[in-house]
Amino acid sequence: LHELTDLVDQVAHQLRVDGDHSPLGVRKITALRLITRAARAARGEVGLERTDHVNKVRLYVHVDADDLEPRPCDDEVFAVARVEKLGAATMAKLRQWVAHHQVTFVPVLNMARGDAVDVHDPPVWMREQVTLRDQHCVFPGCTRDARSCDLDHIVPYDPDGPPGQTHPGNLAALCRRHHRAKTLGLWRYTRTPEGAYQWHGPHGTRFLVTFGGTPRA
């Protein structure tokens with residue numbers, strides 16, 4: 001169920017990126033319909049309608065810039081990239097994928113970018129930056145993929161407050177369950193200058209979420 005929920009969230013988000021500005025609930029229904037059609041087509045029950053949403057496959061690949069330079073085939077076996085949700089893949093395998101599919105390359109993000117906007121919802125570049133930075137829900141012990149998470153304002157957004165409240169330093173990836181726990185005031189947290197998350201919970205519990213693990217503070 002978690003995997004299906006994640007997939008529905010991903011397709012619904014992709015629909016918005018592709019220009020569908022329907023409410024989230026409507027996009028989730030559309031996403032579920034597309035997933036069902038694809039599954040039935042895979043079993044040969046129905047012909048799969050060729051639509052942009054169904055046929056697009058988006059991979060997020062993290063690779064060293066030096067490994068993008070042409071090199072002998074033997075060397076490509078040892079040059080490895082990380083594909084989100086799939087794991088490691090050699091450059092040789094990546095070149096096979098690129099050679100046989102229509103591929104769109106998106107610009108590399110400046111992960112140090114920190115400028116702010118004066119609206120509640122972050123722009124696409126900011127959402128992508130925070131997603132890549134956090135990688136998963138930053139609640140202690142949660143491993144839900146960041147692409148399936150909400151972006152939470154660490155310091156709650158105030159419509160009547162000062163400008164510039166929405167910026168990467170004030171955003172973090174939280175799954176829907178833990179986003180609600182924080183909104184209800186059961187948990188609160190801050191982001192340290194080093195990029196870790198200091199959580200304070202009920203009964204005086206404290207956790208420090210880092211890329212190296214989540215020790216109890």
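**Exercise 1.** Determine which exposed residues lie on the face of α7 turned away from its buried side in this predicted model.

*Solution.* 
Step 1. Identify the buried residues of the helix. In α7, which covers residues 176-183, these are His-178, His-179, Ala-181 and Lys-182.
Step 2. Consider their directions around the axis. The buried residues of α7 fall within an arc of 160° when the helix is seen down its axis, and therefore they line one face.
Step 3. Turn to the other face. Arg-177, Arg-180 and Thr-183 are the exposed residues carried there.
Step 4. Inspect what comes after the helix. Gly-185 follows α7 and has a positive phi, near 85°.

**Exercise 2.** Describe the largest nonpolar core and the contacts of Phe-139.

*Solution.* 
Step 1. Find the members that touch the most others. The core has 23 residues, and those touching the most other members are Cys-137, Val-138, Phe-139, Leu-174, Tyr-189, Tyr-197 and Trp-199.
Step 2. Assign the core to elements. Two or more residues come from each of α6 (124-134), β5 (171-174), β7 (197-200) and β8 (206-209). The largest share, four residues, is given by β5.
Step 3. List the contacts of Phe-139, setting aside neighbours within four places in sequence. Phe-139 is in contact with Leu-174, His-178, Trp-187, Trp-199 and Val-209.

**Exercise 3.** Compare the span of helix α1 with its expected span.

*Solution.* 
Step 1. Count the residues: α1 (residues 2-17) has 16.
Step 2. Compare the spans. From first to last C-alpha, α1 reaches 22 Å, close to the 22 Å expected at 1.5 Å a residue.
Step 3. Note the buried residues of α1: Asp-6, Val-8, Asp-9, Ala-12, Gln-14 and Leu-15.

Definitions and conventions
Residues are numbered from 1 along each chain as its sequence is written. This is a predicted model: local features need pLDDT of at least 70, side-chain atom pairs count only at pLDDT 80 or more; totals for chains, interfaces and linings use all residues. Side-chain values use heavy atoms; hydrogens and water are left out. A nonpolar core is a set of buried Ala, Val, Leu, Ile, Met, Phe, Trp, Tyr and Cys residues joined through side-chain atoms within 4.5 Å. Buried means under 20% relative accessible area, exposed over 50%, partly exposed in between (1.4 Å probe, protein chains only). Contact means heavy atoms within 4.5 Å. The expected span of a helix is 1.5 Å times one less than its number of residues. The arc is that of the directions from the helix axis to the C-beta atoms.
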